[in-house]
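Please study the structure shown below alongside its sequence.

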Amino acid sequence: TVSRGVKTGTVPNVIGMSEAEAVKAIEAANFVVGEIKREYNNNYNSDIVFQMSPTGNTTANEGTKVTISVSKGEDVLTVTSVVGQTETDAKNTITNAGLNVGTVTYEASSEYAEGIVIKQTPSDGTQVARNSNVNLVVSSGKITTQKLSISLSDYITTTPAKSVKVKVVLYANDKSEKTIYEGSNMSNDTFSVNVEGVGR
């Protein structure tokens, strides 16, 4: 087609072609390959054209530059382990790997000191899409066990000694209550119970 001395033609539709095939088709139709953008695309295999400008099967002046976008394949990343890292380091590792930090919860641990990551989801080696969330569980401190000695004569005096029902309740700072001993003892008994938790 000739219009005012400028030849026009139909831009070939190269979506779905390999990069090499697309370049050949564009040049064979007397157009020029402009910018070639390479981007991740979960719908097209690597090296396949998934977008173009101007659009295929439209009329344009010959010599027009055609920009094509070529798939780099699926944007999948492998999750690395952050267990054992500090919370701050773990967050940096996750974001630097192209992922996002999801929920962060805190849990007492018998193995890890306060502020250390003890669990993560998804786990190490899992393949996920870029910008997926990685959830963390961070140690709120090591669980310690302490023996608490109780002398019932400090609380009750009976002569002679007799059997009494005993209940020992731990009142935590967060207002929670936990029964740590319940049983029958002689009123003059001295006994020990284990108190387990974080802190003093």
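The structure holds one cavity of 30 Å³ or more. On a 1 Å grid over the protein atoms alone, a cavity is a set of points where a 1.4 Å probe fits but cannot get out. Grid points are joined across faces, edges and corners, and a volume is the space filled by probe spheres set on the points. This is a predicted model, in which local features need pLDDT of at least 70 and side-chain atom pairs count only at pLDDT 80 or more, while totals for chains, interfaces and linings use all residues. Residues are numbered from 1 along each chain as its sequence is written, and side-chain values use heavy atoms, with hydrogens and water left out.

The largest cavity contains about 50 Å³ of space. Its lining consists of T78, V79, T80, V82, T93, I94, A97, L99 and V134; a lining residue has an atom within 4 Å of a point. By class, six of the lining residues are nonpolar, three are polar and none is charged. Here Ala, Val, Leu, Ile, Met, Phe, Trp, Tyr, Cys and Pro count as nonpolar, Asp, Glu, Lys and Arg as charged, and the others, Gly among them, as polar.

Consider next helix α1, which comprises residues 19-28. Helices (H or I, at least four residues) and strands (E, at least two) are DSSP runs, numbered from the N terminus. The buried residues of α1 are E19, A22, V23, A25 and I26, where buried means under 20% relative accessible area, exposed over 50%, and partly exposed in between (1.4 Å probe, protein chains only). On the face turned away from the buried side are the exposed residues A20, K24 and A28. The cover over the buried residues of α1 includes β3 (32-39), β4 (49-53) and β6 (65-71). After α1 comes N30, with a positive phi near 70°.

Why does E19 count as buried? The reason is its relative accessibility of 15%. E19 touches I36, R38, D47, V49 and V70, not counting residues up to four places away in sequence; such contact means heavy atoms within 4.5 Å.

A nonpolar core is a set of buried Ala, Val, Leu, Ile, Met, Phe, Trp, Tyr and Cys residues joined through side-chain atoms within 4.5 Å. Of the 14 residues in the largest nonpolar core, V14, I26, V66 and I68 touch the most other members. The elements α1, β4 and β6 each give two or more residues to this core, and α1 gives the most, with four. A second, separate core has 11 residues, including L77, A90, I94 and V138.

Helix α2 (residues 87-96) has E87, A90 and I94 as its buried residues. They fall within an arc of 60° seen down the axis of α2, so they line one face of the helix. The exposed residues T88 and N96 are on the face turned away from that buried side. Among the elements covering the buried residues of α2 are β8 (100-109), β9 (117-121) and β11 (133-151). Just after α2, G98 takes a positive phi of about 85°.

Finally, S184 lies in strand β13 (residues 177-186). S184 counts as exposed because its relative accessibility is 52%. The C-alpha atoms of S184 and K165 are separated by 4.4 Å, although these residues are 19 residues apart along the chain.

How values were computed:
1 Å grid on protein atoms, 1.4 Å probe; cavity = no way out; pocket = protein on both sides within 12 Å on 5 of 7 lines; lining within 4 Å. Arc of directions from axis to C-beta.
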